[in-house]
Amino acid sequence: MSSKSSTRIAEPLLGGPVGIHLGAAGRRFRSAQAYALAAVLGITTFLALALQGPCLSSGYEQPSASARMCAGPLSTAFVGDTNPEVLGRAHGGAAAFAPLEARLVDLFHLFTNDVSLFMVGVLLLNTAGIAALGAGLLVLARFRGWLVAVFASPLILFTLGSTLDPIALALAVWAMAIFFGTPPLRPRAWLAGVLLGIATFINPLALLVLLALTLSGPNPARGLGPRNPRMMLAAATLTSAVLLVVDLSAIDRIIHWYSDAVDGGSFASILLMAELGDVSVWAPLWTIVSAGVVLAVAVSLYMVRRTGLDPAVSACLLIGGCLLLAPGLMPWDSLWLLPFIALSIRRWWVLVVWTLAEAVFAVAIQLGDVSGFEIDEGLDSTFVALFTLLRLLALVLVVIMAGENLYRRGIRGLPVTAGPPRRGDEPGNAPTDASDAAHGEPQSVGRKEEHESGHDSQRTRRLD
C-alpha cells in the first residue's frame, strides 16, 4: 500500500501544491513595507510624546498628571511622592524602583530638581529605545505586515514616560537577534548575555527571555542554526554580578518589592479591591504561584525541545504565564509581551482584542489613581476591577493562542500557514529567502520530511 496520502497523490490533478501559483514579494515591495511600518512607529511615538506635553508644562504632580494619563513611577519618585492610597495599588516610591532606574533618578538629582527636565531626558531615552525595538523587530521578522500591531500599539502611548522598560525590551529583542545571528548579524552569544544582564536590572522579566533562549538555542525552529547557550548564561551571570557589586541596594529593593508586590492589573489586586485578604498574605502567595507557572511552562518546553522550539513563541509563553498570575501587572509589564506576541500570533482579531483591553486598562488605572485624591473625580474601584478582569481574560486568550501556535507548528517552528513554495524547494536546498530563515519560516520543506507519517494535516485542511 502506498505510503503517500490521498491529497499528496491528487496534487498533480489539482494544479500542484497549495500556493504554487502565488508570487513572492520582491525586495522593493518589502522595503516599502518596512518604511511604512517605520512611519507608523514614528507617528505612534509622536502621539506618545504629545500625551506627555501637558504634564511637561503643568508638572507631574498627582492627581493632575494621573487625570491627564501621563503619570508614572519615574516622575512620582523623582518628586518624592508615592502612589495614592487606592485599593489594589502598591505603595511604590523610590524604594520599589529597579536599580538602574534608581541610579538614573539619583544622577539627575545631582544637576536639577526640575521634574519636567528630568522627564525630557526620560522621554528621549525611551524614544531611542522604541526606535531600537522597531529596528530589532524588522531584523527578526523581516518586513512582516502584522508588525503594525506593535508599531501602532497603545502600550507605547501609555508607557513611554513611565519607566525605562522600552530600553530594556529593546535590549532583549536585540539579544535574541544577536544570539541566533539573524542576517545580517553574526551570532554573538556573549553579547546577548551582556544585554540581557543589563535589562534584568530594569525589569526581571528579561530573565524569562534569557530562559527562552536557553531552552530554544540548542534545538531552534527550522531555519535557525543551533546555538550553545553556555556563553550567554556566563556573560549574563557575570554582568549581573558586576551590577550587584556596583549597586549594593539591589537586594534591599528586591526585599521591598516582595513585601509590596501587589499592584494593579492582577488577580491579587482584584481581591484587594474586594477587601478580601491583605497584602502580606497575597504578595508572597501570588509570587510563588507565578514562579510555579513559569517552572511548569519551562519544563513543558524542555520536554518537547528535541523537535525544535521557536524562541519568540517560547518567550511569549513564559512571559505570558508569569504575568497571568503575577501579583502586579501594570501596562509597562504588558509591554514585554508586545514584540513576542506579534512574532508568535498571526490572528489579527486576537491582537486587536488584546491591544484594546490594554488601552482600556491603561486609562482605567490612571483614572482610578485620581480617586485617591478626589473621590468624586476618579474612577470607582469597581470599574477598575471590571476592566482588570477583562484584560486578564484577554491575556488568557493570548497565552492560549501562543500555545495553539506552538501546537500547529508541531513544536518545530512551522508557521500556521505555509508560505508559497518556490523553485529549488527540494530536500537539501537552503532557503531562498534569508528573511524567512531568520524568523524560522523555511521556504524549502522536503517532501519526504513532510510525509514521514503519511499524513499532511495542513494540505488536508486546505483542501477541505
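A: In this predicted model, the count comes to one disulfide. The bond joins Cys55 to Cys70, with an S to S distance of 1.7 Å. The two ends lie in distant parts of the chain, 15 residues apart. Cys55 sits in helix H2 (residues 27-58). Cys70 sits in the loop between helix H3 (64-67) and helix H4 (73-78). Both Cys55 and Cys70 are buried.

Cys316 has a relative accessible area of 1%. Cys322 is at 15%. The cut-off for buried is under 20%, so Cys316 is buried and Cys322 counts as buried too.

Eight of the eleven residues of helix H11 (residues 206-216) are buried, so H11 is largely enclosed by the rest of the structure. Among the buried ones are Leu208, Val209, Leu210 and Leu213. Their cover includes H9, helix H10 (189-200), helix H12 (230-246), helix H15 (279-303), helix H16 (311-324) and helix H18 (338-344).

H9 also has a packing partner. Helix H6 (residues 115-141) packs on helix H9 (residues 165-180) at an angle of about 25 degrees, with the axes 8 Å apart. That angle makes H6 roughly parallel to H9. The crossing is left-handed. On H6, the contact residues include Leu125, Gly129, Leu133 and Leu140. On H9, they include Ile167, Val173, Trp174 and Met176. By class, this contact has 16 nonpolar, three polar and no charged residues.

Technical notes
Residues are numbered from 1 along each chain as its sequence is written. This is a predicted model: local features need pLDDT of at least 70, side-chain atom pairs count only at pLDDT 80 or more; totals for chains, interfaces and linings use all residues. Side-chain values use heavy atoms; hydrogens and water are left out. Axes are lines fitted to C-alpha atoms, for helices over the stretch in contact, and angles run from 0 to 180 degrees between N-to-C directions. Helices (H or I, at least four residues) and strands (E, at least two) are DSSP runs, numbered from the N terminus. Angles under 35 degrees count as roughly parallel, over 145 as roughly antiparallel, 65 to 115 as roughly perpendicular and the rest as oblique. A crossing is left-handed if the near helix is turned anticlockwise from the far one by less than a right angle, and right-handed if clockwise. Contact means heavy atoms within 4.5 Å. Ala, Val, Leu, Ile, Met, Phe, Trp, Tyr, Cys and Pro count as nonpolar, Asp, Glu, Lys and Arg as charged, and the others, Gly among them, as polar. Buried means under 20% relative accessible area, exposed over 50%, partly exposed in between (1.4 Å probe, protein chains only). A disulfide is a pair of cysteine sulfur atoms within 2.5 Å.
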